[in-house]
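User: Let's go through some local features of this structure. Keep the answers brief.

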Amino acid sequence: MATKTKAGSNVKSDKYLDIMREEVLIPEAYLTALFWNNPEQYIFYPEEKINTKTLLNTPWAFYFGLGRKMQQAGVKIFDDISIMKHVKELNVMERFEKYGGFDTVREVMEEVEGFEPNLEAYYSEIKKYAMLRNLGGLFGDKVYEKNGKYDYHKIDKEDLYLYWFDKVNQLGLDGDAKFEEHFLLEGLDEDIEEWDATPDIGLPFYNSSRMTKICTGFDYGNLYIYGGFGGSGKTAMSFNKVVMSCIENEEKLLIIANEQGIKEFKKLLLTTALGIKKEYLYRQRLNEGSFTEEEKRKLSNAIEFIKAFSKQGEDKNNSKLVALVFMEDYIMGDVKKIIRHYANRGYKSVMIDTGKPSDGNAAQARWEVFTEDFKELYKLCRPNGGGLNLRMWVNVQLADNALTRRFLNEHAFGESKKIKNEASVVFMGRNVWDDEYEGGDSEIKAWNYRPKTKDDHFAEEDERGYVKEEFTLKRFWTDEKGNTYPNQYYLIFTPKNRRGRDNKGGQPVLIMQSNFNNNSWHEVGWCHIHDDRNY
């Protein structure tokens with residue numbers, strides 16, 4: 001019969017709990033002493049991260065909790081006078097004396113002087129044993145017993161979590177097979193019929209038929225990378241094309257952000273909605289506040305548009321279509337947990353803004369960490385091999401040394417160029433340079449296609465009956481009142497494309513006209529950019 005522990009977990013055998021208490025005794029004592037030496041540590045490790053229920057050894061749980069109470073009361077140095085004062089105020093003198101009073105902690109406080117660099121290791125070990133106790137309540141003694149390669153002594157808390165998480169996942173699998181067997185030459189006629197009836201087309205990018213055509217959309221089982229330079233509009237463009245598409249098509253989307261929080265994304269949503277409605281409001285006005293009545297009217301209209309756009313109504317509540325998780329510390333192990341958590345709740349589309357090497361791994365070069373991170377992301381995306389069959393979009397900042405390159409390819413990732421190996425599609429974007437506008441030394445010869453008319457007597461048409469129309473990019477435009485404004489054009493490169501052609505394979509560079517003030521991105525045509533570099 002299961003016994004109830006003081007921490008509230010069901011553990012089948014007191015023997016294992018006693019063993020764990022002994023194994024984690026030193027980390028608990030050392031961590032508590034380090035906190036008592038420097039009470040400010042309690043600020044960096046709040047109660048939701050670690051509290052008295054986290055520690056297995058009751059005496060050290062008591063001392064740890066007493067220290068937090070004193071720190072919260074404003075005590076900066078734990079000495080005999082301040083400790084005794086709070087022990088009496090908290091009415092815990094009996095327990096304090098039972099565990100040996102201040103002498104018990106003081107001895108360890110002296111012992112751990114200089115051990116501060118090990119604090120995180122002690123913390124991680126304590127969290128691991130707390131997890132073990134809770135897992136024991138779910139799975140019983142098998143959590144503590146060595147089985148083949150499984151030995152909880154030899155793995156950290158992250159691997160412990162993933163091991164048992166995968167065990168739970170296995171319960172939902174049909175059979176025990178970990179692979180799928182197929183035969184290449186079989187069933188080709190049936191395959192053609194299936195492909196004809198159910199085309200492999202992903203979610204269309206918002207208001208972007210050309211971009212969608214390049215890679216047949218944003219599809220499940222694929223990792224998409226979008227590379228742009230710092231401050232060039234990576235988030236804005238991705239929001240317009242990916243986020244708005246998911247909202248319009250009622251597809252649940254998870255955004256993992258590490259640069260901009262929920263307030264910035266909500267402002268971007270309203271800005272984009274206003275741009276779609278052609279009700280313009282200078283973007284910075286959302287930061288300045290003190291809105292005029294006209295501005296309030298526009299913002300109210302934008303909210304109503306968003307509700308209609310996301311098809312919210314009496315029979316639907318789509319307000320949770322897009323979930324945003326902000327990560328102060330971008331650690332791939334945590335990213336994977338978050339993605340799995342939301343995938344199990346139906347969020348099968350993911351956007352990461354911005355992908356970067358995991359924090360806290362000083363042993364490896366950053367580009368190596370980055371490459372390994374993308375391997376893990378691809379494993380989550382893929383439709384087989386234990387993947388979750390997700391569609392994932394990751395924004396990545398391009399290397400500064402690529403700012404002088406007209407033609408963008410994987411070398412613009414710098415040392416991290418191997419991340420492209422995990423992606424199905426890689427897009428890259430940059431602003432059109434001044435000398436590429438009309439009349440410049442490197443003027444872009446752009447083109448578009450339009451239906452042939454009766455006036456196109458000698459124009460060569462393609463199989464669709466369309467003719468090619470060439471144009472250049474004008475630096476300025478003039479409104480009906482005679483006011484002149486600068487144009488802003490953006491080039492979208494396709495360095496890699498498993499779902500179609502890439503730039504080296506003949507795919508032209510897509511031209512967009514952008515307006516950051518209302519976050520609009522309109523496709524205007526195509527061009528070729530010459531790659532004059534030897535790599």
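User: Which exposed residues does the face of α5 turned away from its buried side carry?

Analyst: This is a predicted model, where local features need pLDDT of at least 70, side-chain atom pairs count only at pLDDT 80 or more, and totals for chains, interfaces and linings use all residues. Residues are numbered from 1 along each chain as its sequence is written, and side-chain values use heavy atoms, with hydrogens and water left out. Helices (H or I, at least four residues) and strands (E, at least two) are DSSP runs, numbered from the N terminus. Exposed means over 50% relative accessible area, buried under 20%, partly exposed in between (1.4 Å probe, protein chains only). On the face of α5 turned away from its buried side, the exposed residues are Ile-81, Lys-88 and Glu-89.

User: Within what arc do the buried residues of α5 fall?

Analyst: Helix α5 spans residues 80–89, and Ser-82, Ile-83, His-86 and Val-87 are buried there. Seen down the axis, they line one face of α5, because they fall within an arc (directions from the helix axis to the C-beta atoms) of 130°.

User: How many residues apart in sequence are the parts that Arg-499 and Asp-219 tie together?

Analyst: The two side chains meet in a salt bridge, N to O 3.5 Å. The term means a side-chain nitrogen of Lys or Arg within 4 Å of a carboxyl oxygen of Asp or Glu. Arg-499 lies in the loop between β13 (489–497) and β14 (509–515), Asp-219 in the loop between α11 (209–215) and β3 (222–228), so the pair ties together parts whose separation in sequence is 280 residues.

User: Is Glu-436 buried or exposed?

Analyst: Glu-436 forms a salt bridge with Arg-406, with the closest N and O atoms 3.0 Å apart. The pair links distant parts of the chain, 30 residues apart: Glu-436 sits between β8 (425–431) and β9 (446–451), Arg-406 between β7 (391–397) and β8. Arg-406 has 26% relative accessibility, so it counts as partly exposed. Glu-436 has a relative accessible area of 2%, so the label is buried.

User: What is the relative accessibility of Asp-531?

Analyst: Lys-504 is the salt-bridge partner of Asp-531, the closest N and O atoms being 3.1 Å apart. Lys-504 is in the loop between β13 and β14, while Asp-531 is in the segment after β15 (520–527), 27 residues apart. Lys-504 counts as exposed because its relative accessibility is 61%. Asp-531 counts as buried, as its relative accessibility is 14%.

User: How many salt bridges does a search of the whole structure find?

Analyst: One network of salt bridges links Lys-277, Glu-279, Glu-294 and Arg-297. Over the whole structure, the search gives 27.
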